[in-house]
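Subject: Handing over a structure, with notes

Dear colleague,

I am passing this structure on to you and would be glad if you could look through it alongside my notes.

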Number of protein chains: 2
Amino acid sequence: MNIGLDMMGGDYAPLEAVKGLSLFLSQGGAGKNITLYLFGDASQLEPMLREHDVPAGKYVVVHASQVIEMHEHPTKAFKEKRSSSIALGFHYLSNGQTDAFISAGNTGAMMVGALFSIKAIEGILRPTISTIIPKENGQTGLLLDVGLNADCKPENLNQFALLGSLYAQHILNIHNPRVGLINIGEEEGKGNILTQAAYKMLKSNSQINFTGNIEGRDVFFDKADVMVCEGFTGNIILKLAESIFDITQSKHIEHPYFERFNFENYGGTPVLGISSPVIIGHGISHAKAFMNMIGLAVKMQESDLMEKMQSSLTLL
Amino acid sequence: MNIGLDMMGGDYAPLEAVKGLSLFLSQGGAGKNITLYLFGDASQLEPMLREHDVPAGKYVVVHASQVIEMHEHPTKAFKEKRSSSIALGFHYLSNGQTDAFISAGNTGAMMVGALFSIKAIEGILRPTISTIIPKENGQTGLLLDVGLNADCKPENLNQFALLGSLYAQHILNIHNPRVGLINIGEEEGKGNILTQAAYKMLKSNSQINFTGNIEGRDVFFDKADVMVCEGFTGNIILKLAESIFDITQSKHIEHPYFERFNFENYGGTPVLGISSPVIIGHGISHAKAFMNMIGLAVKMQESDLMEKMQSSLTLL
């Protein structure tokens with residue numbers, strides 16, 4: 001398996017990316033038949049990789065003479081900086097030279113690459129991105145979409161439910177995941193035009209375990225494993241949850257529950273609905289986040305997640 | 001001024017309503033020329049009012065032989081229980097026998113009454129309900145709509161902005177309140193179809209101090225005084241905020257900031273956009289909440305808020 005990793009993306013690149021790679025290999029990754037394709041400035045990377053004792057046989061450095069900076073316009077930068085680590089990473093992925101691509105760099109450019117250079121799974125109307133939601137009882141939920149699709153149709157939500165359900169099952173190891181619809185009001189028939197129509201589609205989708213509406217008050221409680229909404233609401237919830245962590249930090253409110261709102265812990269989020277694993281990391285990713293992202297890409301490949309999504313979609 | 005109060009609404013009625021009335025009068029209310037119209041079971045109320053030394057000259061008991069219970073279907077109950085405290089309260093208000101009406105009872109029935117028996121302010125497309133948002137720096141913001149209007153047009157949001165702005169100015173005493181649009185992304189042009197169009201209307205509305213988009217991460221920060229959205233997103237934010245309070249309570253996480261998430265402190269929420277003050281309390285309202293709601297109704301009348309809203313609307 002060949003995993004592509006952008007070494008120049010994120011606030012602490014390339015050092016934390018190198019450390020994360022080293023961690024991944026030393027914690028079991030070296031025993032697997034995996035080659036890492038490292039996209040970045042070779043003159044910076046090579047001494048750093050040696051310094052951190054990354055075994056030479058486990059990686060290939062692909063020199064990238066450019067970097068897409070965090071503030072750059074995604075579409076413009078992706079188009080113009082063809083020698084950037086992100087553009088090259090997608091080039092290798094779309095050619096089949098790698099099986100997955102990971103970056104903590106410019107999120108918009110990652111989206112552009114994922115949506116325009118990688119094929120969508122056949123039948124997918126809109127790819128989606130998700131986030132992990134820490135439940136107050138210690139469990140973990142998945143919320144999607146969290147911002148890629150600001151306006152949705154009911155059939156988009158139905159596909160997100162299926163993609164999220166398969167992800168929860170095969171990656172988060174949740175058996176028969178409960179799928180909930182983010183809504184206002186508990187009963188069927190409540191909500192806005194979109195959720196009223198989506199409720200009916202989810203209810204008749206035999207490939208998911210739909211358990212009904214999830215109100216704002218239920219998001220942090222263990223009422224559903226997969227929570228579905230359009231990207232506007234999902235993005236508001238995600239950023240609100242992130243701000244709760246920031247507030248508890250700045251006010252020195254310490255509690256293990258709020259510590260789980262530190263989204264840095266979770267590595268990155270995969271773009272779901274495309275044919276290869278593309279994982280987008282937080283700009284502030286440290287070594288642990290890079291390690292987790294590499295592990296996630298490997299797990300997505302090993303579990304044949306994309307093929308499973310493809311087969312389910314043909315039944316939808 | 002004649003203020004109507006449903007004595008049978010809420011989990012702790014009528015006792016907490018009587019106590020709240022008593023508090024209101026003893027803390028300055030008795031000095032004002034106000035008569036309270038108390039709707040409820042006279043045989044229960046009269047001894048209770050005497051017991052709590054409520055001065056006989058300050059109130060009129062209007063006997064209501066029925067109560068709309070919390071679980072009842074709002075429209076049906078409002079229509080059929082004509083002798084209920086809520087139906088009678090609205091009857092007096094629409095007749096002009098009272099100037100305001102307050103209840104902590106069945107929220108849906110209160111909405112039905114407010115929307116169908118009280119005139120909307122001329123030009124208002126959709127009345128709205130709001131909530132107070134505690135800001136992490138100690139300030140207080142207003143969020144609207146929080147659930148009355150699940151689907152909105154840009155012109156609804158523009159009216160909510162104006163109503164919220166006048167409320168913030170005259171009731172919350174915020175000078176030149178900053179109005180923000182709840183959105184995903186910071187810059188103009190970001191968001192979904194609704195917020196993209198609403199942004200333009202808000203920007204060209206000369207009667208408000210529009211300061212741009214408010215992301216999920218900004219809701220609890222002091223970036224805007226009035227935050228505008230459709231009722232779907234607003235309701236999700238409101239209930240999520242309520243659940244944060246519940247979680248901190250159940251986990252014994254004590255901090256003055258989270259204490260401000262106890263929505264019981266705030267009394268109730270007024271229906272904005274109708275021609276008389278109608279205030280809807282939380283089911284769990286205690287004496288302090290009832291006192292605050294009476295005070296709010298009085299302030300809304302004394303400040304001529306509804307007339308100010310009417311004049312502003314003619315300029316919109």
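The notes below go from the pair of chains to the domains, the helix contacts and some backbone details.

This is a predicted model, in which local features need pLDDT of at least 70 and side-chain atom pairs count only at pLDDT 80 or more, while totals for chains, interfaces and linings use all residues. Residues are numbered from 1 along each chain as its sequence is written, and chains are lettered from A and ligands numbered from 1 in the order in which they are written.

On the pair of chains: a rotation of 180° with 0.0 Å of shift along its axis superposes chain B on chain A with an RMSD of 0.1 Å, where the superposition is by least squares on the C-alpha atoms of residues with pLDDT of at least 70 in both copies. The two copies are thus related as by a two-fold rotation axis, and the C-alpha of chain B nearest that axis belongs to Thr233(B), at 3.0 Å. In this pair, 30 residues of chain B are in contact with 30 residues of chain A (two residues are in contact if their C-beta atoms, placed from the backbone, lie within 7 Å). Helix α8 (residues 231-250) of chain B supplies the largest share of the side of chain B that touches chain A, namely 12 residues; helices here are DSSP runs of H or I with at least four residues, and strands are runs of E with at least two, numbered from the N terminus. That side of chain B has 15 nonpolar, 8 polar and 7 charged residues (Ala, Val, Leu, Ile, Met, Phe, Trp, Tyr, Cys and Pro count as nonpolar, Asp, Glu, Lys and Arg as charged, and the others, Gly among them, as polar). Because 100% of the interface residues of chain B are also interface residues in chain A, the copies meet through the same surface.

On the domains: chain A is divided into domain 1 (1-123 + 273-303) and domain 2 (125-263), with bounds that come from an automatic or database domain assignment. The C-alpha centres of these two domains of chain A lie 27 Å apart, and their contact takes 10 residues from domain 1 and 8 residues from domain 2. On the domain 1 side, the elements giving two or more residues are α5 (107-116) and α10 (287-302) of chain A, and α5(A) gives the most, with 3 residues.

On the helices: in chain A, the axes of α6 (residues 154-170) and α7 (residues 193-203) come within 8 Å and cross at roughly 50°, the axes being lines fitted to C-alpha atoms over the stretch in contact, with angles from 0 to 180 degrees between N-to-C directions. That makes α6(A) oblique to α7(A) (angles under 35 degrees count as roughly parallel, over 145 as roughly antiparallel, 65 to 115 as roughly perpendicular and the rest as oblique). Residues of α6(A) including Leu157(A) and Ala161(A) meet residues of α7(A), among them Leu194(A) and Met201(A), and by class this contact has 8 nonpolar, 1 polar and 1 charged residues.

On the backbone: most residues other than glycine have a negative phi, and most peptide bonds are trans. The peptide bond from Leu144(A) to Asp145(A) is cis, with omega near 0°, and Asp145(A) lies in the loop between β6 (140-144) and α6 of chain A. In chain B, the bond from Leu144(B) to Asp145(B) is cis, with omega near 0°. Asp304(A), although not a glycine, has a positive phi of about 55°, and Asp304(A) lies in the loop between α10 and α11 (305-315) of chain A.

With best wishes
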